Amino acid sequence: MARLDLFGKHKRHIWQQLCEQIDADFFRAKFPKPDRIEAWHGNWMITIDTFTIDKVIFTRFRAPYVNRDDFIFTIFREHTGHKIGKIFGLKDIEVGYPDFDRDFIIRGSDQRKLEMMFANPNIRQLISFQPKIRLELRRDAPLFAKKFPKGVNELYFHCSGILSNLDQLYDLYDLFGFALDHLCAIGTAYEDEPGFAYY
């Protein structure tokens, strides 16, 4: 128990440091709600917290936005299981950057929009910095989660473990900022405040 308490205090200290750097708010856990960060980027609130499935802890970043179209995607790192999946017909979309296409599985609803999305070098670089990543645009909240209002989609990241590396957390916050801005630039998101909060 002592080791868990020490790790929890370390994570909390790092998360509070991040809040100071990005001018965000830190909220201490109140059961059943975990520790969380709420950070504004323009009119979008980026929420950082953790959740647990089958005793495995995950860190996640989430940002709701007002959508202009139904564009969705998922990107995650390539590994052997996915290579086998490709042999059996799982579709992997390439976006025109050989190293990036080699290292990541990209799936989505619109190839042209995917090419536009990942044409942004800042987005590609910040994704490449992450040792573990699953980044999604999605239109539906998970089962039992608070439902999105009509016209609101979500930019979502999660990875296993508690992220307590300050540089990694800052890079992910930057990634969300660049991604949200670029979603507006390519005609997928509005800059309006979505009027939705997770807590």
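What follows is a working chat about a predicted model of a protein chain.

Trainee: Before we start, what should I keep in mind about this model?
Mentor: Residues are numbered from 1 along each chain as its sequence is written, and side-chain values use heavy atoms, with hydrogens and water left out. As this is a predicted model, local features need pLDDT of at least 70 and side-chain atom pairs count only at pLDDT 80 or more, while totals for chains, interfaces and linings use all residues.

Trainee: How many helices and strands does the protein chain have?
Mentor: There are six helices and eight strands, where helices (H or I, at least four residues) and strands (E, at least two) are DSSP runs numbered from the N terminus. Along the sequence the pattern reads α-β-β-β-β-β-α-α-β-α-α-β-β-α.

Trainee: And in what order do the strands sit in the sheet?
Mentor: The eight strands form an open sheet, ordered S1-S2-S3-S4-S8-S7-S5-S6, with antiparallel pairing; two strands pair if DSSP finds at least two bridges between them. At the edges are strand S1 (25-27) and strand S6 (104-108), each of which pairs on one side only.

Trainee: Take S7 and S8, then: over how many bridges do they pair?
Mentor: Strand S7 (residues 134-138) and strand S8 (residues 152-160) pair over four bridges in the antiparallel sense, and Glu136 has Tyr156 in S8 as its bridge partner.

Trainee: Which strands does helix H6 touch?
Mentor: Helix H6 (residues 166-185) packs on the sheet and touches strand S2 (36-41), strand S3 (44-53), strand S4 (56-66), S7 and S8, a contact being heavy atoms within 4.5 Å. The direction of H6 makes about 25 degrees with that of S4; axes are lines fitted to C-alpha atoms, for helices over the stretch in contact, and angles run from 0 to 180 degrees between N-to-C directions.

Trainee: Switching topic, how many salt bridges are there in the whole structure?
Mentor: A search finds 10, counting a side-chain nitrogen of Lys or Arg within 4 Å of a carboxyl oxygen of Asp or Glu. One of them joins Asp49 and Arg62, with the closest N and O atoms 3.0 Å apart; Asp49 lies in strand S3 and Arg62 in strand S4, 13 residues apart.

Trainee: Are Asp49 and Arg62 buried or exposed?
Mentor: Both Asp49 and Arg62 are buried, where buried means under 20% relative accessible area, exposed over 50% and partly exposed in between (1.4 Å probe, protein chains only).

Trainee: What about Asp99 and Arg102?
Mentor: Those two are exposed, and they form a salt bridge at 3.3 Å between the closest N and O atoms, both lying in helix H3 (residues 98-103), three residues apart.
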